[in-house]
Amino acid sequence: MTNNGLIWLLGLICLYRNKKIILISHCLLNVNAKVNGLAKYKGVQNELIKLLIDQGIGIIQLPCPEMGCAGIRRWGQVKEQLDTPYFIKYCNEIFTPILDQVIDYQKNGYKVIAIIGVDGSPSCGVGQTCSSEKWGGELANYQNTEEIKNDIKMVNESGIFMEQIKRLLEDNHLYIPMLSVEEDNPANSVVNIQRFLKGEI
Ligand code: SF4
């Protein structure tokens, strides 16, 4: 290849790759992984994914830690139930290959601009997660489920998977902003993410 050809090729490589990547929770690209009854869209979270496509940002889909542990017929759980050495170890295991990619990308001039989780999730919540001291155990022992359902509340904490991701990143001296989609108000979340991408917040 001539020098001119090489310069042209390098130009094309730079032109078609903006070197920006975002990590997103699995179910934002595949709602089927969610606990039965919790889906708020049919397949992908359209508003968010369209925004990322329009901005030319590469997407890495994080694995779903709950799906990998308990499958598609699992019951909905709260943070306290997942706060176990076993689940934490599993979260570390499944994030490690992604962490390796992040390190390699950053080392080579790519930018991992954010992680987007799902607020309310006991695993992937960023600013909010569901919590209960009572939720769990043998359902048949309750006359009705209202008394334990009423104990479930949202607290301003991250879910277990996001906590572990943050810790693993910090251990590797990486700081990546963590954002979230609030499933009851995705439009508002996407506006905030859009503002973040523009550098306004
Ligand atoms: S654990 Fe995370 S990725 Fe899996 S369904 Fe819940 S929020 Fe989505």
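From the N terminus on, the elements of the protein follow the order α-β-α-β-α-α-α-β-β-α-β-α-β-α, which comprises eight helices and six strands, where helices (H or I, at least four residues) and strands (E, at least two) are DSSP runs numbered from the N terminus. This is a predicted model, in which local features need pLDDT of at least 70 and side-chain atom pairs count only at pLDDT 80 or more, while totals for chains, interfaces and linings use all residues. Residues are numbered from 1 along each chain as its sequence is written. Taken along the principal axes, the C-alpha atoms of the protein fill a box of roughly 80 × 35 × 30 Å.

**Strand pairing**

- Strand β1 (residues 20-24) pairs with strand β2 (residues 58-61) in the parallel sense over four bridges, two strands being counted as paired if DSSP finds at least two bridges between them.
- Within this pairing, I24 has Q61 in β2 as its bridge partner.
- β1 is also joined to strand β3 (residues 111-119) by five bridges, and these two strands run parallel, with K20 standing opposite K111 in β3.
- β3 in turn runs parallel to strand β6 (residues 178-182), to which five bridges join it, and the bridge partner of D119 in β6 is E182.

**Helix α2 and its surroundings**

- Helix α2 (residues 46-54) forms a right-handed β-α-β unit together with β1 and β2; a crossover is right-handed if, with the strands pointing away from the viewer, the path from the first strand over the helix to the second runs clockwise.
- α2 packs with helix α8 (residues 186-197) at an angle of about 20 degrees, their axes lying 9 Å apart; axes are lines fitted to C-alpha atoms, for helices over the stretch in contact, and angles run from 0 to 180 degrees between N-to-C directions.
- α2 and α8 are therefore roughly parallel to each other, since angles under 35 degrees count as roughly parallel, over 145 as roughly antiparallel, 65 to 115 as roughly perpendicular and the rest as oblique.

**Shell around the ligand**

- The ligand is surrounded by 13 residues, of which the closest are C27, C64, S121, S123 and C124; a residue is near a molecule if its C-beta atom, placed from the backbone, lies within 6 Å of it.
- Helix α3 (residues 65-70) supplies the largest share of this shell, namely three residues.
- The shell divides into seven nonpolar, four polar and two charged residues, with Ala, Val, Leu, Ile, Met, Phe, Trp, Tyr, Cys and Pro counted as nonpolar, Asp, Glu, Lys and Arg as charged, and the others, Gly among them, as polar.
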